[in-house]
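Please keep the sequence and the coordinates in view while reading.

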Amino acid sequence: MDLLGSESAYPLDKVVDILLVGGPDDMRHSDRKRRAAIVDTKIKIEHCGGYEHFQMERGPGDLNGSSPVVFRWFMRTKIAE
């Protein structure tokens with residue numbers, strides 16, 4: 001998983017459970033739940049020749065580890081050739 005940016009109000013490198021919601025139907029369920037270091041409110045996932053972009057849906061109070069931080073799909077971009 002590629003994590004975008006570093007300017008964030010969230011604690012850098014805080015490893016939490018994340019849940020990816022929306023996006024392509026062919027993304028495996030196992031790829032939608034993972035542990036990752038959050039460095040920004042947006043992440044991008046390489047998928048089928050492009051990138052699926054997800055944005056954090058919950059606020060910084062949800063980074064306490066009691067439930068996954070939800071990232072919702074908002075767009076797809078193609079990989080430049």
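## Salt bridges

A search of the whole structure, which is a predicted model, finds four salt bridges, the term standing for a side-chain nitrogen of Lys or Arg within 4 Å of a carboxyl oxygen of Asp or Glu. One of them joins D17 to R35, with the closest N and O atoms 3.1 Å apart. Because D17 lies in strand β2 and R35 in strand β3, this pair ties together parts that are 18 residues apart in sequence; strands here are DSSP runs of E with at least two residues, helices are runs of H or I with at least four, and both are numbered from the N terminus. D17 is partly exposed at a relative accessible area of 36%, whereas R35, at 54%, is exposed. Buried means under 20% relative accessible area, exposed means over 50%, and partly exposed lies in between, with a 1.4 Å probe and protein chains only.

A further salt bridge is formed by R76 and E52, whose closest N and O atoms are 2.3 Å apart. This pair links distant parts of the chain, R76 being in strand β6 and E52 in strand β5, 24 residues apart. R76 is partly exposed, with a relative accessible area of 37%, while E52 counts as buried at 2% relative accessibility. The side chains of E57 and R72 also meet in a salt bridge, at 2.4 Å from N to O; here E57 belongs to the loop between β5 and β6 and R72 to strand β6, and the two are 15 residues apart. E57, at 43% relative accessibility, counts as partly exposed, and R72 is likewise partly exposed, at 38%.

## Basis of the values

Residues are numbered from 1 along each chain as its sequence is written, and side-chain values use heavy atoms, with hydrogens and water left out. Since this is a predicted model, local features need a pLDDT of at least 70 and side-chain atom pairs count only at pLDDT 80 or more, whereas totals for chains, interfaces and linings use all residues.

## Strand order and pairing

The secondary structure of the protein chain comes to one helix and six strands, and along the sequence the pattern reads β-β-α-β-β-β-β. β4 and β5 run antiparallel and are joined by six bridges, where two strands count as paired if DSSP finds at least two bridges between them. Within this pairing, K42 has Q55 in β5 as its bridge partner. β5 and β6 also run antiparallel, with seven bridges joining them, and the bridge partner of H53 is M75 in β6. β5 is mostly covered, six of its seven residues being buried.

## The nonpolar core

The largest nonpolar core has twelve residues: V16, I18, L20, M27, A36, I38, I43, I45, F54, M56, V69 and F71. Such a core is a set of buried Ala, Val, Leu, Ile, Met, Phe, Trp, Tyr and Cys residues joined through side-chain atoms within 4.5 Å. The elements giving two or more residues to this core are β2 (14-21), β3 (33-38), β4 (42-47), β5 (50-56) and β6 (69-78), and β2 gives the most, with three residues. In soluble globular proteins, nonpolar side chains tend to be buried together.

## Whole-chain totals and confidence

Buried residues make up 31% of the 81 residues in the protein chain. The chain exposes about 5,000 Å², of which carbon and sulfur atoms supply 49%, the areas coming from the Shrake-Rupley method with a 1.4 Å probe, and for residues only the protein chains shown count as cover. Among contacts between residues at least 6 apart in sequence, 54% join residues at least 24 apart, a contact meaning heavy atoms within 4.5 Å.

The average pLDDT, the predictor's confidence in each residue from 0 to 100, is 80 for the protein chain, and 74% of the residues score at least 70. Over residues 1-9 the pLDDT is below 50, and this stretch has 25 contacts in the model beyond near neighbours in sequence.
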